[in-house]
Amino acid sequence: MFRMISDIGTDAMKDEAKLARMNTLQSDIEGIYAKATVSFSDGQTLALEPGLTQLMASSRNYTKLQEAWIGWRDNTGKLMRDKYADFVTLSNEGVSSLGYHDTGEYWRSWYESPTFEPDLQKLLEELKPLYSNLHTYVREKLMDLYGRDKFPTSGQIPAHLLGNMWAQQWNNIYDLVIPYPDKTSVDVTPELKNQSYTPLRMFRTAEEFFKSLGLLPMPDRFWNKSIIVKPTDRKMVCHASAEDFYNQKDFRIKMCTDINMEDLVTIHHEMGHIQYFMQYKDQPVPFRDGANPGFHEAVGDTLALSVATPKHLQTIGLLNSVENDEGSDINYLLSMALEKIAFLPFGYLIDQWRWSVFSGETPKDKFNDKWWELRCKYQGVSPPVERTSTDFDPGAKYHIPSNTPYIRYFVSFVVQFQFHKALCEAAGQTGPLHKCDIYRSKEAGTKLGDMLRLGSSKPWPYAMEALTGQPNMSAKALMDYFAPLTAWLEKQNAGKQVGWQDACSNQRHAPLSANEQQAKKWLTEYNMAAQEVFYEETEVEWTYATNITDYNQQKQTEARLKLADFQKEAAANASRFDWKHFDDEQVKRQFSKISDIGTSALTDKNKLKKLNDLQSEIEGIYGKGKVCLGGNKCLTLDPDLYDILTSSRNYTELTLIWQEWRNVTGKKMKDKYEEFVRLSNEGVRELGYNDTGEYWRSVYDTPTFQKDLQKLMEQLKPLYEQLHAYVRKKLKKIYGAEHFPASGHIPAHLFGNMWAQEWENLYDLMEPYKNKAKVDVTPELVRQNYTAHRMFKTAEEFFTSLGLKPMPETFWNKSMIVRPAGRDVICHCFCLGFL
Ligand code: KAF
Ligand code: ZN
């Protein structure tokens with residue numbers, strides 16, 4: 001095939017003998033791949049298609065899969081390693097006469113972009129979080145199935161467990177990872193078999209989709225000359241391909257079609273190539289090519305994104321019922337992610353490897369090491385058995401022996417979502433991207449056809465702009481498409497170690513003890529039950545705090561006791577497990593938290609009840625505290641006393657309310673508090689803590705916690721002292737020096753705050769520069785008639801501006817943000833998370 005007339009690649013080789021030698025090597029190598037089979041220990045022999053491919057897709061037998069995986073590599077890559085090394089040398093020599101440093105540089109030149117490599121790297125980085133989350137979710141499921149002792153401690157997934165010989169797409173293990181097994185799943189393979197689909201009917205189905213967009217039908221010659229089933233009488237390279245014979249009428253596909261969903265997608269892929277050939281056939285020969293190689297790969301895949309939607313599959317009679325709910329949606333998106341997201345690092349790394357081989361950075365004896373370095377790092381997959389430098393695992397993938405560049409597929413998997421989005425817009429589809437089906441949209445077809453007809457007559461950004469309205473590659477459309485799944489996966493992976501280390505490790509996880517296995521099960525049950533108990537308790541706390549009555553207090557005490565009982569029982573159950581020796585750190589940590597139940601540990605039920613009663617009573621005293629200054633008006637803390645503290649500068653008045661507040665709260669609870677302390681300490685001593693303070697400090701997990709705090713205090717003290725002295729001087733002027741003790745202290749009631757804990761209410765008295773800008777916005781809030789609700793909304797807007805989550809509906813419906821009339825409430829703001 002010609003690219004551009006003068007850009008003839010390795011054909012530029014001056015030395016005819018070398019050119020011939022190179023071509024021989026190339027066909028030898030491809031021959032090794034095409035003829036390879038694997039013979040199993042049970043006597044069975046399988047070719048890649050369909051036998052090994054089906055086995056990798058459907059077997060769940062660890063050793064059988066491993067046998068297939070090793071056998072395929074022994075009989076392909078390993079046998080071609082020497083020839084491949086020679087081939088690389090000759091290939092580089094060929095392109096050097098065109099002025100390229102090596103074959104990798106030559107291949108990259110087709111993209112006509114000086115920033116091609118960093119651009120790809122950036123795309124991959126954007127996509128990595130989504131891939132990592134998918135990887136972690138899948139790994140967890142596979143660990144449950146095959147046992148964690150099969151998995152390296154470095155976090156990768158053994159490469160033979162992902163339903164595909166190269167672990168490049170994971171859709172064949174969909175059945176092992178279905179999010180909602182009871183909801184719609186879109187694997188139409190059984191239905192294709194059920195309806196006795198033939199390869200021809202699958203091809204006709206694909207063609208019909210192209211035609212429905214007003215694109216070109218496959219010509220008669222295509223149907224007569226294409227090979228769409230594996231010939232039985234001869235060997236053939238089964239890897240699917242599409243051929244342009246450059247005579248404007250001969251276009252063919254060669255494919256060993258199997259009756260399944262995956263091959264239905266591949267047919268669309270290959271037909272996309274044919275459609276491109278036909279659209280640009282009237283261009284001069286040098287322009288009969290894709291805008292770039294990635295575009296060529298993306299055409300059929302773009303259409304297949306519509307074809308795969310449940311709605312479309314239903315339209316063409318391959319799916320019976322389509323449910324429209326979140327579970328079915330997630331099922332679908334996950335299946336698409338196994339096909340599209342799983343592929344991305346694979347698509348990226350193949351040519352990272354090959355470019356480094358062509359450039360000489362990776363010499364022959366490091367071929368395989370480099371390969372696994374990239375596989376471990378980018379894909380997070382590991383070899384199931386140790387590999388050596390005589391292995392040549394890249395050669396087990398068709399595109400290495402056939403010398404087909406691979407970065408085009410990475411490009412394709414990104415741009416096909418950009419194309420899909422643009423075509424969906426042209427088709428007037430407004431829903432989410434993953435539900436869009438452009439079937440029968442002539443507008444979409446016209447837009448696509450116009451772009452395809454350009455061939456390679458213009459640099460690819462021009463074609464990109466013609467279709468999508470902007471000239472760049474971007475991951476945004478893909479991320480948008482998968483957005484609902486991204487959120488869902490993050491939730492599934494909460495508390496799990498997401499990702500893996502760069503390098504693979506030979507060390508495997510210890511097998512889960514029966515004890516740890518049971519513990520994991522128990523933990524799942526605990527989490528479900530705990531969520532309910534916590535919810536109930538929180539609801540009761542809320543009711544009391546927002547309506548302090550004796551009845552509600554009674555209810556609160558009961559709920560607290562119930563929760564304590566639950567925690568005590570859970571802790572007792574947890575102690576039956578040997579959790580301190582578990583392998584899974586996350587499980588260990590959960591057990592440690594479940595066992596750490598604080599005062600609920602009190603074994604004596606009466607004491608526990610007493611402790612809770614005291615706590616409620618104490619809180620009640622505080623909540624009901626009012627200052628009555630003669631007359632009949634009694635003042636609440638919030639807002640009455642706060643208002644006075646904020647504005648009054650009357651020494652006597654301030655003294656009075658300061659003192660009264662302490663009389664009606666602290667003083668009244670002193671005896672109860674003493675008893676409370678005693679019981680609380682008794683509780684945590686049952687857990688081995690000396691006292692409640694020690695227990696509270698334990699949550700910081702820091703042995704030097706108190707010392708650290710002390711050091712911080714010392715560091716902060718000079719600044720505090722300066723502030724203190726400044727404020728003291730000003731306050732003395734206002735209230736008279738006679739109120740200030742000689743020791744240098746400031747009377748605690750003069751700070752505009754009941755506890756002198758914050759002093760911002762003194763700002764107007766302290767202001768250093770009277771006529772400079774002030775940042776107290778209170779007057780402005782009042783002037784603009786701000787409501788509590790508007791203030792909350794203002795705050796929320798800041799969070800969302802950072803891309804953080806908005807407050808949910810229930811937050812706005814159920815929160816209490818102003819003091820209600822006619823009942824006592826605890827106004828000290830507090831947040832309850834209802835689980
Ligand atoms: C793509 C899509 C879905 C899954 C996986 C892929 C990546 C890749 C793979 O690893 O299977 N897909 C293919 O290899 C599909 C075959 C092809 O259509 O890309 C084919 C590869 C090939 C075969 C023989 C010689 C050269 C290339 N490409 C073409 O037939 C082709 C491409 C561009 C122009 C003309 C023909
Ligand atoms: Zn292709």
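**Disulfides and a zinc site**

With 110 degrees about the S-S bond, the disulfide of Cys-628 and Cys-634 is right-handed in this predicted model. The sulfur atoms of this pair lie 2.0 Å apart. Cys-628 is partly exposed, at 38% relative accessibility, and Cys-634 is partly exposed too, at 30%.

The whole structure holds four disulfides. Counting the bonded cysteines along the chain, their pattern reads 1-2, 3-6, 4-5, 7-8. Another of these links ties Cys-376 to Cys-504, with an S to S distance of 1.8 Å; at -105 degrees about the S-S bond, the link is left-handed. It brings together distant parts of the chain, 128 residues apart: Cys-376 sits in helix α16, while Cys-504 belongs to the loop between α20 and α21. Cys-376 is buried at 3% relative accessibility, whereas Cys-504, at 28%, is partly exposed.

A disulfide also joins Cys-238 to Cys-256, S to S 1.9 Å, and is left-handed with -90 degrees about the S-S bond. Cys-238 lies in the loop between α10 and β4, and Cys-256 in the loop between β5 and α11, 18 residues apart. Cys-238 is buried at 11% relative accessibility, and Cys-256 is buried at 7%.

Turning to the metal, the zinc ion (ligand 2) has His-269, His-273 and Glu-297 as its protein donors, 2.0 Å away. Their spacing along the chain is H-x3-H-x23-E. His-269 and His-273 are both buried; because they are four residues apart in helix α11, about one helical turn separates them. In an α-helix, residues three or four places apart point the same way.

Helix α12, residues 293-307, bends by about 35 degrees at Val-299, and 15 of its 15 residues are buried. At the start of α12, a side-chain oxygen of Asn-292 comes within 2.8 Å of the backbone nitrogen of Gly-294.

Technical notes. Residues are numbered from 1 along each chain as its sequence is written. Chains are lettered from A and ligands numbered from 1 in the order in which they are written. This is a predicted model: local features need pLDDT of at least 70, side-chain atom pairs count only at pLDDT 80 or more; totals for chains, interfaces and linings use all residues. Side-chain values use heavy atoms; hydrogens and water are left out. Donors are N, O and S atoms within 2.8 Å of the metal (3.2 Å for Na, K and Ca); water is not among the atoms, so sites may look incomplete. Helices (H or I, at least four residues) and strands (E, at least two) are DSSP runs, numbered from the N terminus. Buried means under 20% relative accessible area, exposed over 50%, partly exposed in between (1.4 Å probe, protein chains only). The bend at a residue is the angle between axes fitted to the seven residues ending there and the seven starting there. A polar contact is a pair of N or O atoms within 3.5 Å; within protein, one must be able to donate a hydrogen and the other to accept it, and residues adjacent in sequence count only if both atoms are side-chain atoms. A disulfide is a pair of cysteine sulfur atoms within 2.5 Å.
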